[in-house]
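Grab a pencil and keep the 3D view open while you go.

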Amino acid sequence: MRSGFLAKNPSVLWFLLILAVFTLGVTFLSHAYGPGMISTSMVKTLGKTLCLCLIAIAMDLVWGYTGILSLGHFAFFGLGGYMIGMWLMYERTRDIVLSSAGEFPMTPQEINDAIGTQIFGVVGGSDLPAIWHFAGNLPMQLLFVVLVPGLLALIFGWLAFRSRVTGVYLSILTQAMTLALSLYLFQNESGLRGNNGLSGLQNIPGVSANQDHLSVWFLWASAVALGLGYIAAAFIVSGKFGSVIRGIRDDEARVRFLGYSVEGYKLFVFTLTAIIAAIAGALYYPQAGIINPGEMAPIASIYLAVWVAIGGRGRLYGAVMGAAFVSIVSSWFTGGRVPDIPLGFYTIQWVDWWQVLLGLAFVLVTLLAPKGLSGIVDLLEGIRSPKRHGAPLGPDKGAFREGEAQE
């Protein structure tokens, strides 16, 4: 009798259980539903951390399992944030325009012109660009969260993979794509307010709840998205598809020789992970409250690869551990919670030294602990890799009698 998916992957159940306990614990300790032992800003930080864990899973799928070191997945993350941010900013501005009109009715054109002036006055404009045509339509903007990054990944991946660009050259191409997109969005002519970005995203139109409740609701949404993303990723890597993409990672030429469409598998994984990254971004930036092109700089995608490496690539829970660890520790070091260390001739300010520590951690993990933080799970379970040391591989113990094995 064939065992089910969850029976073969008990780590999925453990992950969902830990995620549920974590989410409920934060909820009942928050200001909204508990004694307020966890502040609203901390709830937002934890909700954003769950979103970063989700994009880390996407990065692990494309890099840890398929062997494609993409340095552009934060571009898809940012695009997802921009797509939902357009609706949030448009509707919030529309409410402001209508409330300021008072008892005087406004025509749809007057409302549209007033919204354009409010949003783009800061960059010297007054008209809504064409890309804002559906900004007031929530279902369409939600669809764009998936379509825009997905189509960009599909086109870019098709061009790159059909040319059989691999290794460091592909990494450079993905980084160039991210840089080009970031530089374009910095321009006011992009229609997304240039360097100013989109702001006020933490205010949900039509919802009168305060930030205490909204932060918890977004925490729930982020937890659900992370749970579903983990299940989907585990399902993909546990079957035949997972075996094929691991084969592509380890020996692409051999997998192609066996008759598999290597380019097709790569394109599917690249596009799927771009969509996952975009969904994570669409949940992240309403909690952050603002998005600008700086969020899509190439360095952000490099950080993403560091998170996955620290957690342990090729293991989904490792990617989650790495992203969660770096996000929380980063907030701790850069939030002024760690006192500076005066040395007399120099004062160590952790805000300035945090990135150095992160880079050092990446180097140490790469050299000394290739399995990353996920290696801790191995230690707890008593799992050890077999130490062959080049010894000849004979029959399994007990398979033959000693005399038969020597004949």
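**Exercise 1.** Find which residues in H2 meet which residues in H8 in this predicted model, then work out how the two helices run relative to each other.

*Solution.* 
Step 1: Start on the H2 side, where you'll find Ser11, Val12, Phe15, Leu16, Leu19, Thr23, Val26 and Thr27. Across from them, H8 brings in Val216, Leu219, Trp220, Ala223, Leu226, Gly227, Tyr230, Ile231 and Ala234.

Step 2: Sort that contact by class, and you get 13 nonpolar, 4 polar and no charged residues.

Step 3: Now look at the axes. H2 spans residues 10–29 and H8 spans residues 211–238, and they pack at an angle of about 175 degrees with their axes 11 Å apart. Angles over 145 degrees count as roughly antiparallel, so H2 is roughly antiparallel to H8.

**Exercise 2.** Say which residue forms a salt bridge with Asp251, and decide how exposed each partner is.

*Solution.* 

Step 1: The partner here is Arg254, and the closest N and O atoms of the pair are 3.9 Å apart. The cut-off for a salt bridge is 4 Å, so a pair at this distance still counts.

Step 2: Check the surface. Asp251 has a relative accessible area of 33%, so it's partly exposed. Arg254 reaches 57% relative accessibility, and over 50% means exposed.

**Exercise 3.** Trace the salt bridges around Arg256 and list the network they belong to.

*Solution.* 
Step 1: Begin with Glu252, whose side chain meets that of Arg256 in a salt bridge at 3.1 Å, N to O. Both residues sit in helix H10 (residues 252–257), 4 residues apart, which is about one turn of the helix.

Step 2: Arg256 also has a salt bridge with Glu263, with the closest N and O atoms 2.5 Å apart.

Step 3: Compare the surroundings. Glu252 is buried at 19% relative accessible area, since buried means under 20%. Arg256, at 23%, is partly exposed, and Glu263, at 22%, is partly exposed too.

Step 4: For context, a search of the whole structure turns up 6 salt bridges.

Methods
Residues numbered from 1 in each chain as written. Predicted model: local features only at pLDDT ≥ 70, side-chain atom pairs only at ≥ 80, totals over all residues. Heavy atoms only, no water. Axes fitted to C-alpha atoms, helices over the stretch in contact; angles between N-to-C directions. Parallel < 35°, antiparallel > 145°, perpendicular 65-115°, else oblique. Contact = heavy atoms within 4.5 Å. Nonpolar A, V, L, I, M, F, W, Y, C, P; charged D, E, K, R; others polar. Buried < 20%, exposed > 50% of the residue type's maximum accessible area, 1.4 Å probe, protein only.
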